[in-house]
Amino acid sequence: MQSNAVVLIDVRWLNTQQAVVDLHGDLRMAAVASLRKRLLQLARKNPRILVLNLATVQTIDTAGIAMLVEVFRILQTRGGRLILAGLHNQVLKMVQLTHLDKVMDMCDSVEAALTSDCRGQDRSS
Amino acid sequence: MKGQGLINVSGLNSFYGNHQVLYDVEFSIPRHQVTVIMGVSGCGKSTLLRHLIGLKPSYPGQLFLEHQDMAKLDAREWGCYRRRIGVLFQSSALFNSLTVAENVAVPLRVHSRLPQETIRIICQIKLHLVGLSSFGEYMPSQLSGGMRKRAGLARALAMDPEILFVDEPSSGLDPITAAGLDELLLALRDALGVTIIVVTHELESAIRIANQMLVLDKGRLLVVGTPQEVQNSNDERVMQFLRRISDQQLTDTETYLAGLVGRRTKP
């Protein structure tokens with residue numbers, strides 16, 4: 001099976017409290033090892049809101065899901081909030097299969113995430 | 001090579017010594033679908049499965065993974081193939097000295113460089129998928145047979161395999177748990193696009209989950225098709241299998257008596 005390694009395209013700090021990370025490709029085991037380290041470092045910088053833009057992520061496996069869990073945990077313990085934006089197709093199915101849609105905030109787009117116009121509630125408070 | 005499936009079987013003959021157990025078996029396994037292999041005990045299902053997972057070698061020209069002749073794979077290529085597949089054996093084959101969670105972690109520790117915490121989370125997720133999220137610290141000996149089977153499935157799923165082979169998934173399970181397992185297999189097909197090959201006796205389960213069914217009898221492939229096509233088959237042995245007609249009713253009683261007491265039935 002061909003897999004496109006995920007490339008961390010861009011980290012945008014909109015201000016001192018909000019960051020957006022654009023991801024592209026396949027969030028699978030092969031890519032998780034390196035990507036995980038960078039995302040955890042980012043989470044430890046204490047953003048109030050961290051948006052992961054998954055609109056162009058084609059597939060995710062359990063290793064990718066596990067990485068999201070770790071980022072979520074770090075943010076949660078530091079009073080921050082993780083929002084998954086642009087989930088679709090297989091990525092959405094995996095989040096639902098692992099029941100993470102019950103605890104993680106999800107929005108249709110980065111714009112919606114930044115305006116809090118999406119599913120979920122601010123669980124960081 | 002014929003067929004456009006993920007795995008293509010072409011004229012597969014298989015022997016144990018001089019005893020032939022598969023005769024000219026030919027079919028394709030389509031991607032992202034569930035293929036169910038059925039048949040009576042001793043028909044060759046398990047032998048066919050052994051060929052598919054690489055435990056029994058095939059001859060050149062008989063078994064293809066995409067366009068690759070599996071008889072010509074070298075050791076490295078076989079290693080790559082085995083990392084793409086997950087196998088749930090009929091007996092589960094758990095390591096008795098490891099906890100359930102440690103069993104699930106084994107493929108991840110052997111075949112990946114994921115950090116410990118990531119492995120731990122993956123194991124939690126897999127155990128939850130099979131309904132064993134509270135049993136990670138149990139030893140296999142502390143589980144029921146059905147729970148051991150589910151633990152084996154969690155381990156087979158640890159690497160998110162592209163191809164999942166499942167040998168008699170429902171054996172030892174109550175109907176409710178078996179139905180849950182069927183639903184899980186379908187969810188895996190839909191969410192992960194896993195290509196699933198199931199060997200089973202359970203007709204109801206097969207009809208529920210199969211995109212394609214194969215019926216084997218005495219080493220020969222009787223029919224390949226959708227569940228509907230198989231159920232509509234006019235083949236006598238297929239109908240016997242589907243209608244659960246025992247071979248007792250087809251036994252040659254005259255020959256039996258002749259062999260037993262030296263005479264046939266009274267006139």
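**A walk through chains A and B**

Strand β3 of chain B, residues 34-39, is mostly covered, since six of its six residues are buried. A residue is called buried if 20 or more other C-beta atoms lie within 10 Å of its own, exposed if 12 or fewer do, and partly exposed in between, with the C-beta atoms placed from the backbone. Helices (runs of H or I with at least four residues) and strands (runs of E with at least two) are taken from DSSP and numbered from the N terminus.

The model is a predicted one: local features need pLDDT of at least 70 and side-chain atom pairs count only at pLDDT 80 or more, while totals for chains, interfaces and linings use all residues. Residues are numbered from 1 along each chain as its sequence is written, and chains are lettered from A and ligands numbered from 1 in the order in which they are written.

In a regular strand the side chains alternate between the two faces of the sheet. In β3(B), both faces are covered. B:Val34, B:Val36 and B:Met38 lie on one side, B:Thr35, B:Ile37 and B:Gly39 lie on the other, and all of them are buried.

Which strands are joined to β3(B) by bridges? One is β8 of chain B, residues 195-199, which runs parallel to β3(B) and is joined to it by four bridges. Here B:Val34 stands opposite B:Ile196. Another is β9 of chain B, residues 212-217, also parallel, with five bridges to β3(B). In that pair B:Met38 stands opposite B:Val215. Two strands are said to pair if DSSP finds at least two bridges between them.

These strands belong to an open sheet of six strands in chain B, with the order β6-β7-β8-β3-β9-β10 and mixed pairing. The edges are held by β6 (85-88) and β10 (220-225) of chain B; each has a single partner strand, so one side of each is left without a neighbour in the sheet. From one strand to the next, the twist averages 15 degrees. Angles run from 0 to 180 degrees between N-to-C directions, and axes are lines fitted to C-alpha atoms, for helices over the stretch in contact.

One of the facing pairs is B:Val87 with its bridge partner B:Phe165 in β7(B). Helix α5 of chain B, residues 145-156, packs on the sheet and touches β6 and β7 of chain B. The direction of α5(B) makes about 170 degrees with that of β6(B). Two residues are in contact if their C-beta atoms, placed from the backbone, lie within 7 Å.

Chain B also has an open sheet of four strands, in the order β2-β1-β4-β5, where the pairing is antiparallel. Its edge strands are β2 (19-29) and β5 (68-69) of chain B, each pairing on one side only. Strand β4 of chain B, residues 63-65, is paired with β5(B) over two bridges in the antiparallel sense, and B:Leu65 stands opposite B:Gln68.

After α10(B) comes B:Gly262, whose phi is positive, near 80 degrees.

Next comes chain A. Its secondary structure comes to four helices and five strands, which run β-β-α-β-α-β-α-β-α from the N terminus on. Of the 125 residues in chain A, 46% are buried. Among its contacts between residues at least 6 apart in sequence, 67% join residues at least 24 apart.

Where the two chains meet, 15 residues of chain B are in contact with 18 residues of chain A. On the side of chain B that touches chain A, α4 (116-129) and α6 (175-192) of chain B each supply at least two residues. The largest share, five residues, comes from α4(B). By class, this side of chain B has six nonpolar, three polar and six charged residues. Here Ala, Val, Leu, Ile, Met, Phe, Trp, Tyr, Cys and Pro count as nonpolar, Asp, Glu, Lys and Arg as charged, and the others, Gly among them, as polar.

The axes of helix α3 of chain A, residues 89-97, and α6(B) come within 8 Å and cross at roughly 145 degrees. A:Gln90, A:Lys93, A:Met94 and A:Leu97 make this contact from α3(A), with B:Ala187, B:Asp190 and B:Ala191 from α6(B). The helix α6 of chain B also holds B:Thr177, which counts as partly exposed because it has 18 C-beta neighbours inside 10 Å.
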